[in-house]
Amino acid sequence: MNLESKIYDRTFANCLMNASGVKCMTFDELEVLRTAENGSFITKSCTLQPREGNPSPRYIDLKLGSINSMGLPNLGFDFYLDYVLNENNRNNKNVFFSLAGLSLEENMEMLKQIQNSDFKGLVELNLSCPNIPGKPQTAYDFDRTKVVLEEVFSLYKKPLGVKLPPYFDMVHFEMMAEILNKFPLKFVTCINSIGNALFIDNETVVIKPKGGFGGIGGAYVKPTALANVRMFYKLLRNDIAIIGCGGVENGRDVFEHLLCGASMVQVGTQLMKEGTDVFHRLILELKEIMQTKGYKNIEDFRGSLKEL
Ligand SMILES: O=C(O)c1[nH]c(=O)[nH]c(=O)c1Cl
């Protein structure tokens, strides 16, 4: 039995990785992720210049998930480019590099530098950060998304995918898929947090930025995450892999993302709560499920969700 999975011409030892933004901002955090049991890892979405991010409290664990309005804190593009090119990573074709420039020009500058570097991994272009005041999420603007991807693929020739927000409307799934199918994307990651939710403790909000509004993750979002994974699995070209993200707390949740068609599965809130031991537990729990069902590898069941 194995949990190997493929995206494009990359093969991962197992289908698990962190969600961008979770325990992947600093050198020490990245080194822990690089050496844990997960099959891959991704860096914190970065901007050209380092950012402090929003005032704290800006992330809170909740019984059924989490809420965050981090505001894109990161150590800046140069730090992450150095990290993925350092002696530990430079031959790693399976590392993911997340970008979230505050403008198209900023994303193009970062992509140009990566294109001209020895980077051998994959880029996840984040089109869905919900927490930058005054910045609408690119991926909720279909025309804008098309313009961005035309520019991106005119320059960038290495493997690249996009991080999408959740969609909640069948026509939106179809409109977005029609746009995405025009481009040589290698994957899409569904979903980012459900943006601008509000959690109240007694009479008070729980995070400081934006009057307490923040992106929701964890168990709350799993049904929406699975729906987005399934819809894009069905609507996108077969050569565009789906990375599932949202609501993964146990092996059953990983199994469901894979059933919906995901090739890799990202863990966010539960990684925040449990640390990288979560990957060891998820691997054991997924293997137990596969054993019980007689599945020897992920391709035996990936995408095979049954309809009534
Ligand atoms: O506030 C953040 O840093 C953040 N938080 C999220 O939940 N998703 C994102 O893509 C980002 Cl960039």
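Author: Rings of Phe, Tyr and Trp (its six-membered ring) pair if their centres lie within 6.5 Å; planes under 30 degrees apart count as stacked, over 60 as edge-to-face and the rest as tilted. This is a predicted model, in which local features need pLDDT of at least 70, side-chain atom pairs count only at pLDDT 80 or more, and totals for chains, interfaces and linings use all residues. Residues are numbered from 1 along each chain as its sequence is written, and side-chain values use heavy atoms, with hydrogens and water left out.

Reader: How many aromatic pairs does a search of the whole structure find?

Author: A pair of aromatic rings is described by the distance of the centres and the angle of the planes. With the ring criterion applied to the whole structure, the number of aromatic pairs found is 16.

Reader: Are the rings of F79 and Y80 stacked, tilted or edge-to-face?

Author: Their centres are 4.9 Å apart. Because their planes stand at 90°, the pair is edge-to-face.

Reader: Is Y80 buried, partly exposed or exposed?

Author: Buried means under 20% relative accessible area, exposed over 50%, and partly exposed in between (1.4 Å probe, protein chains only). F79 has 22%, so F79 is partly exposed. Y80 has a relative accessible area of 0%, so Y80 is buried.

Reader: Which helices hold F173 and F232?

Author: These rings have centres 5.7 Å apart and planes at 80°, so they too form an edge-to-face pair. Helices here are DSSP runs (H or I, at least four residues), as are strands (E, at least two), numbered from the N terminus. The two residues are 59 apart and link distant parts of the chain: F173 sits in α5 (residues 170–180) and F232 in α6 (residues 222–235).

Reader: Which residues form one aromatic cluster?

Author: F173 and F232 are both buried. They belong to one cluster, made up of Y140, F142, Y167, F173 and F232.

Reader: Where is L198 placed, and is L198 buried, partly exposed or exposed?

Author: L198 lies in strand β10 (residues 194–198). Its relative accessible area is 42%, so L198 is partly exposed.

Reader: Which residues is G261 in contact with, leaving aside its neighbours within four places in sequence?

Author: G261 is in the loop between α7 (251–259) and β15 (264–267). Its relative accessibility is 1%, so G261 counts as buried. With contact meaning heavy atoms within 4.5 Å, the partners of G261 beyond those neighbours are V229, Y233, I242, R302 and G303.
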